[in-house]
Amino acid sequence: MALLEVRNLQVNYGPIQAVKGIDLDVEKGTLVALLGANGAGKTTTLRAITGMVRAYGSVHLGETEILGQRGYKTARMGVNMSPEGRLIFAGLTVEENLKAGAYCIKSAKQYQKNMDRVQELFPILKERRRQQAGTLSGGEQQMLAIGRALMADPEILLLDEPSLGLAPLIIQDIFKTLQAIRSEGTTILMVEQNALATLKIADYGYVLELGKISMHGPASQLVRDERLIEAY
């Protein structure tokens with residue numbers, strides 16, 4: 001059984017059906033890419049999984065149905081997201097942003113373990129821990145957004161466009177860190193438009209077109225698919 005199992009997921013915005021009955025599986029310990037153009041339904045899919053929008057169908061985390069739960073409850077169950085646009089708390093320090101991500105961690109020992117892990121993955125966050133988050137560069141803010149999501153020690157980390165607006169060298173560094181996060185045992189479901197770079201680090205991929213899965217398969221096969229190459 002997959003760690004995350006999505007079946008017949010549907011999301012409507014008024015008369016518009018944004019997600020049209022999709023199925024996807026995310027196996028434990030893998031990095032799965034969800035690819036597609038703007039308006040394909042990628043972000044809506046993540047928001048449905050985390051309880052941020054009303055949805056129909058079924059979403060299981062292990063054996064537990066989580067569809068319809070509020071976002072704070074899915075976070076406590078082990079699903080946490082780094083949203084598109086980062087949405088850091090610009091007026092708080094880096095350290096305060098990370099503390100905010102650990103709101104569901106009750107153990108001081110676990111909190112410190114999570115903080116040490118995040119600062120090891122992103123050393124710049126330790127260096128700038130007392131700096132106001134709004135003064136960080138775009139790449140540093142993205143690292144902070146990912147680090148904040150990791151502070152809750154999620155079973156599965158959802159990432160929404162982590163490369164958006166960043167320079168190629170920064171993207172390369174962040175993608176290397178995502179591989180390290182996956183190798184440590186955190187499962188990742190990642191929404192991206194940067195198809196080629198994402199498939200190079202992913203285990204499996206799904207392509208969304210107008211709210212439907214148009215193709216899926218091992219990332220090593222998708223990266224050579226002529227239809228995907230032509231589309232992206």
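Student: In this predicted model, which residue of β2 is the bridge partner of V6?

Tutor: Strand β1 covers residues 4-13 and pairs with β2 in the antiparallel sense over eight bridges. Strand β2 spans residues 16-26. Within β2, the bridge partner of V6 is L24.

Student: Which strands are the edge strands of the open sheet?

Tutor: The open sheet has four strands with antiparallel pairing, in the order β2-β1-β4-β5. An edge strand pairs on one side only. That condition holds for β2 (16-26) and β5 (64-65).

Student: Is G14 buried or exposed?

Tutor: G14 is found in the loop between β1 and β2. Its relative accessible area is 62%. Because a residue counts as exposed over 50%, G14 is exposed.

Student: What distance separates the C-alpha atoms of G14 and R70?

Tutor: R70 belongs to a positive surface patch together with K73, R76 and K106. Along the chain, G14 and R70 are 56 residues apart. Their C-alpha atoms are separated by 21 Å.

Student: Why does K73 count as partly exposed?

Tutor: K73, one of the residues of the positive surface patch, is placed in helix α2, residues 71-77. Partly exposed lies between the buried limit, under 20%, and the exposed limit, over 50%. K73 therefore counts as partly exposed, at a relative accessibility of 36%.

Student: Where do R117 and E184 lie, and how many residues apart are they?

Tutor: The side chains of R117 and E184 meet in a salt bridge, at 2.7 Å from N to O. The pair links distant parts of the chain: R117 lies in helix α4 (residues 108-121), E184 in the loop between α7 (168-183) and β8 (187-192), and the separation is 67 residues.

Student: Of this pair, is R117 buried or exposed?

Tutor: E184 has a relative accessible area of 45% and is partly exposed. For R117 the relative accessible area is 17%. Since buried means under 20%, R117 is buried.

Student: How far apart are the closest N and O atoms of R227 and D225?

Tutor: R227 is exposed, at 54% relative accessible area, whereas D225 counts as buried at 17%. These two residues form a salt bridge. The closest N and O atoms are 3.1 Å apart.

Student: How many salt bridges does a search of the whole structure find?

Tutor: One of them joins R7 and E5, with the closest N and O atoms 3.7 Å apart. R7 counts as partly exposed, at 28% relative accessibility. For the whole structure, the search finds a total of eight.

Notes:
Residues numbered from 1 in each chain as written. Predicted model: local features only at pLDDT ≥ 70, side-chain atom pairs only at ≥ 80, totals over all residues. Heavy atoms only, no water. Patch = residues over 30% accessible without salt bridge, like charges linked within 9 Å, V, L, I, M, F, W, Y side chains within 5 Å. Areas by Shrake-Rupley, 256 points an atom, 1.4 Å probe, with all protein chains shown as cover. Salt bridge = Lys/Arg side-chain N within 4 Å of Asp/Glu carboxyl O. Lys, Arg positive; Asp, Glu negative; His and termini not counted. Charge placed at Lys NZ, Arg CZ, Asp CG, Glu CD. Helix = DSSP H or I, 4+ residues; strand = E, 2+ residues; numbered from the N terminus. Buried < 20%, exposed > 50% of the residue type's maximum accessible area, 1.4 Å probe, protein only. Pairing = 2+ DSSP bridges.
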